[in-house]
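Q: Hey, I'm new to this one. Can you walk me through it?

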Amino acid sequence: MIWGIFKRDMCHATRNVIAVIVSMGLVVVPALYAWFNIAASWDPYGNTKALKVAVANNDKGYKSDLIPVRVNVGETIISTLHANDQLDWQFVKSDKAIDGVKSGEYYAAIVIPKGFSADMMTLFSPDIKHAQLKYYLNEKINPIAPHITDQGATTVVNTIDKTFAKTIAQVGLDLASSILHYSQSPQMAEYMRNLNGNLTTMADTLSGASQQVTSYSQLLGSANDIVDSTGKLLASATKAGKQAQNALKQGKSGATSLTSAGANVTSSVNTALDQVSGAFDQVAAKVNKAFDAIGKGSDTAASQLTALSEQVSSGESLYDTYITSLNHMRESVEQLPDSDSAKQALLEAIDREITLLEAAKGDSQKLAQQLKDASTQVTQDTAAAESSRKEILNRITSAKQSISNVRDDYATNVKPKIDALASTVSTLISQTDSMITQLSGTADGLDDVTGDVGTNVTSIRSTLGAIAKKLDSSAATVKELITKLETGGNAGDGNSDGGDGDNDADSGESDELRALATANASTLSTLISAPVALHRVSVYPIANYGSAMAPFYTILSIWVGAIILCAMLKVTISDREKAHVLGLGDTLPRIAGPSGPGNASRWGLRLDHEYFGRYAIFALLALLQGTLVCLGDTYFLGVQANHALQFLAVGWLAALVFSNIVYTLTVSFGDIGKAVAVVLLVMQVAGSGGTFPIETLPKFFQMLYPFLPFPHAIDAMYAAMAGSYGNEYLLDMVYLALFLIPSLLLGLVLRKPVIRLNNWVSRNLESTKVM
């Protein structure tokens with residue numbers, strides 16, 4: 001029965017030329033639908049150069065003290081875009097660019113503002129501003145164009161970022177190279193020789209000062225010996241007045257030497273304090289230099305500040321030495337008799353001097369701590385660095401003031417008291433001379449006097465010895481600096497013969513710096529501006545955008561072909577055809593009842609015979625549609641198909657499933673079934689995942705996705721084109737075939753209860769004389 005119906009349908013479909021043409025049209029039209037869409041979508045992103053995007057540059061450029069080159073990022077952008085063919089860049093004035101976007105002449109416009117370069121350079125200031133491009137976009141011209149032009153704008157932004165980073169890096173590398181070349185120039189060598197000569201002179205001066213102080217100390221020792229000898233001489237020969245007077249004259253000469261030595265000690269102390277004050281000036285200069293280096297590298301600035309902190313801390317021992325010397329002097333003064341009017345004043349002056357020295361030492365300690373804190377702060381918060389700089393400079397000023405107070409107090413209070421002490425010694429000797437003249441035999445009193453003089457001279461000699469040691473230490477430090485400078489110069493010239501480990505390390509660092517500075521600055525700056533490169537590895541690669549869209553349009557065209565078949569071919573069999581298939585002539589007997597499905601079942605033509613008999617021609621034409629569109633995709637358009645036979649099998653299965661679903665809906669519900677088929681088509685266009693990933697669609701379509709045939713057919717076709725993961729292809733084919741089960745269930749079982757309903761709907765539609 002099924003074969004009979006199919007054979008008569010084939011005869012009718014090929015009875016005349018018009019029928020053959022229509023049948024061919026039914027096969028070709030769906031393929032044309034797919035091919036036109038695939039060909040139109042073949043390479044849309046490769047033709048973006050036809051999209052006009054305006055670019056207007058108002059940038060005035062910028063030149064700063066930090067980077068002594070003029071920076072105009074806008075000009076760099078324009079020159080870069082001239083070589084870019086992703087879009088049709090139009091370089092116009094800003095007013096024309098904005099107006100062109102409004103009129104639709106341009107899809108988008110990028111306007112570079114006047115202060116763009118200046119805003120970018122705020123990177124090196126505490127007040128950082130984000131440089132902004134003005135981007136105008138006409139979104140009504142085309143729904144896809146905004147996304148393409150957005151990509152173009154993103155390209156511009158990325159180009160700016162890379163160019164800016166490359167420029168800054170190249171300037172820094174060129175500066176480092178210039179410094180290295182200058183350090184190896186003859187002028188720099190001459191400067192180093194002059195510096196070494198000056199330092200050598202300074203070291204010799206310090207050594208000479210130390211020897212002079214030592215000589216003064218020895219002179220005071222000789223004076224002390226003279227006073228002792230005078231006392232002994234007077235004790236042993238009290239009657240030798242003239243000899244005693246001569247000895248006292250010598251003692252007076254020693255006292256005069258004592259006064260001269262005290263003056264020299266005062267000069268040495270002033271010189272030392274002046275050196276400390278000058279050292280603070282050097283520290284202030286180095287602090288400013290370290291903070292100026294923050295923009296170039298916070299690590300370098302931090303290391304410089306740490307070194308300054310250690311340098312200031314090392315100077316605290318100088319204060320301790322001076323305080324110790326003053327304490328020794330105080331102990332000597334305390335040994336004077338209480339009746340001496342100069343004793344208490346000198347003690348107060350020495351105590352005040354010690355207090356001032358301790359205050360100066362405290363300022364130095366605070367300065368060292370602030371330098372240490374600043375070295376940590378610049379690596380964490382460069383915005384607060386300027387505040388730290390001011391605090392440190394204020395602390396240095398305070399420390400210098402403390403040193404000045406010490407020097408002034410020493411000159412005002414201590415030195416006069418020392419001079420007064422020397423004068424007292426001289427007066428004492430003169431009085432002793434008078435006493436010997438008047439009291440010829442009183443040698444015991446002279447012994448006491450010479451004893452006091454000896455004690456004071458011993459204290460002064462101790463102070464002079466401490467000063468001599470400090471001068472020797474300073475001279476040794478300067479000589480060590482000279483040695484390091486000579487070693488560094490040899491390492492820089494590459495003439496070092498090895499030396500110790502530190503010299504080797506310095507030489508290695510110098511070699512690395514030389515290698516960096518002599519390298520290609522452009523290459524290095526390009527690497528710094530874009531240190532990461534993206535290496536794209538395609539998994540299951542698709543040849544082009546047209547091939548990527550081919551599964552969606554191919555499956556869509558097969559569903560459209562099924563709808564066209566049901567629109568052009570009859571899905572029901574007339575009573576006359578049934579009679580011819582049964583061999584009953586041209587009509588069924590009257591007892592068959594009204595015309596309709598199943599009315600010939602008593603003669604053996606059951607409802608399932610009618611269903612499959614008429615569906616056979618639908619299936620044949622659907623298979624021809626699927627075959628043509630798949631072969632055309634592969635061999636006419638050149639769509640990628642790594643597994644051509646699998647690709648064709650998807651088309652065949654999709655043609656059978658879709659045609660059966662649409663045929664069943666039409667058989668069961670008539671014209672309403674055709675409308676349902678169109679509704680299903682619309683739903684699947686949106687929720688199949690053929691254009692956008694399912695995960696990006698609204699929740700409703702994500703829930704609907706597994707219950708639609710399109711997604712499974714499209715996934716199977718992708719697997720045939722590019723390769724499948726495991727049993728991906730077979731599973732999608734099985735899922736697609738499972739949709740035949742509800743379709744056949746409706747067409748063979750559930751169709752019977754709705755036949756009367758369908759007939760009633762058909763009669764009412766026909767009664768309208770319109771439908």
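Predicted model: local features only at pLDDT ≥ 70, side-chain atom pairs only at ≥ 80, totals over all residues.

Q: Okay, salt bridges to begin with. How many are there?

A: The count comes to five salt bridges. One of them joins the side chains of Arg8 and Glu577, at 2.7 Å from N to O.

Q: Where do Arg8 and Glu577 sit in the chain?

A: Arg8 is in helix H1 (residues 2-13) and Glu577 is in helix H17 (residues 575-582). They are 569 residues apart, so the pair links distant parts of the chain.

Q: And is Glu577 buried or exposed?

A: Glu577 is buried, with a relative accessible area of 13%.

Q: Which residue does Lys578 pair with?

A: Lys578 meets Glu610 in a salt bridge, 3.4 Å from N to O. Glu610 lies in helix H18 (residues 607-637) and Lys578 in helix H17, so this pair ties together parts that are 32 residues apart in sequence.

Q: Are those two buried or exposed?

A: Both Glu610 and Lys578 are buried.

Q: What about Asp671, which residue does it bridge to?

A: Asp671 forms a salt bridge with Lys674, and their closest N and O atoms are 3.5 Å apart. The two are three residues apart in helix H20 (residues 671-687), so about one helical turn separates them.

Q: How accessible is Asp671?

A: Asp671 counts as exposed because its relative accessibility is 53%, and exposed means over 50%. Lys674 is at 26%, so that residue counts as partly exposed.

Q: New topic: which residues make the nonpolar surface patch?

A: Val17, Ile18, Ile21, Val22 and Met568 make a patch of about 500 Å². Helix H2 (residues 17-40) gives the largest share, four residues.

Q: And where does Met568 lie?

A: Met568 lies in helix H16 (residues 545-568).

Q: What does the model show over residues 550-569?

A: That span is 95% helix and 0% strand, and its end C-alpha atoms lie 28 Å apart. Residues 615-638 come out at 96% helix and 0% strand, with 33 Å between the end C-alpha atoms.

Key:
Residues numbered from 1 in each chain as written. Heavy atoms only, no water. Patch = residues over 30% accessible without salt bridge, like charges linked within 9 Å, V, L, I, M, F, W, Y side chains within 5 Å. Areas by Shrake-Rupley, 256 points an atom, 1.4 Å probe, with all protein chains shown as cover. Salt bridge = Lys/Arg side-chain N within 4 Å of Asp/Glu carboxyl O. Buried < 20%, exposed > 50% of the residue type's maximum accessible area, 1.4 Å probe, protein only.
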